Amino acid sequence: MVAEGNGAEQNLNSSELEYAEALLEAARYNDLEDVRNLAAIGVSLNSKDAEGRTALHMASANGNVDIVNYLISNNADVNARNVEDNTPLHWACLNGHIEVVKILIIAGADVASLNRHEQTPVDEAAIGGKMNVIDAINTAVAQVELTRASV
C-alpha cells in the first residue's frame, strides 16, 4: 500500500503518507498493536517519511525492543538510511540503547556505515561517551563472526 523509497523521492498520496506517518509514530511511542494493525492493512514496514526515517529508525532511537524485533522479523530494512544517511544503528548507538544495538547487529546492520558527517555508529557512541555501547557493538560483532565461522 505505501510506497518504499528514499525520503523525499517518494511519491506518496496523502493517505499513504498519513499511514506512513502513523507507522513511524506508533514505532516511536512503542505502540506495537498499532504497528501490527498498520502492517495488517498493507502499510509497508519500510515506509519512509519526508526525512527518510523508517519505523525501525524510530523504534531504535527510542529503545523500543519489542517493536525492533517485530520489524526485523517482518523484513524491515536494518540498513535503511534517512536523508542524513543515518541508519537505525546510528540512532540506537547515539541514544545508548544497548539491547537494540545488539539486535540490529545480529540482524545484519552494517557497523561501518558512514552517515553524511562521515561517522559510523561506533563514532556516534564514542562522541556521546557511551563506552558501554561500544562494548555491546564489539560483543555483537564477535557473536556474528563466530556464528558465520561455525556454519
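**Exercise 1.** In this predicted model, describe the span of residues 51-83 by its end-to-end C-alpha separation and its helix and strand content, and then do likewise for residues 84-116.

*Solution.* Begin with residues 51-83, whose end C-alpha atoms lie 5 Å apart and whose span is 48% helix and 0% strand.

**Exercise 2.** Determine which residues touch the most other members of the largest nonpolar core, and trace the contacts of L104 beyond its sequence neighbours.

*Solution.* The core holds 38 residues, and within it L71 and L104 touch the most other members. Two or more residues come from each of several helices, including α1 (14-28), α4 (65-73), α6 (98-106) and α8 (131-149). Once neighbours within four places in sequence are set aside, L104 is in contact with L56, S60, V68, I72, V78, P88, L89, A92 and A109. As background, nonpolar side chains in soluble globular proteins tend to be buried together.

**Exercise 3.** Locate D85 and E118, and classify the accessibility of D85 and of E118.

*Solution.* Most residues other than glycine have a negative phi. D85, although not a glycine, has a positive phi of about 65°, and this residue lies in the loop between α4 and α5. Because its relative accessibility is 23%, D85 counts as partly exposed. E118, likewise not a glycine, has a positive phi of about 60° and is found in the loop between α6 and α7 (121-127). With a relative accessibility of 63%, which is over the 50% cut-off, E118 counts as exposed.

Note on methods
Residues are numbered from 1 along each chain as its sequence is written. This is a predicted model: local features need pLDDT of at least 70, side-chain atom pairs count only at pLDDT 80 or more; totals for chains, interfaces and linings use all residues. Side-chain values use heavy atoms; hydrogens and water are left out. A nonpolar core is a set of buried Ala, Val, Leu, Ile, Met, Phe, Trp, Tyr and Cys residues joined through side-chain atoms within 4.5 Å. Buried means under 20% relative accessible area, exposed over 50%, partly exposed in between (1.4 Å probe, protein chains only). Helices (H or I, at least four residues) and strands (E, at least two) are DSSP runs, numbered from the N terminus. Contact means heavy atoms within 4.5 Å.
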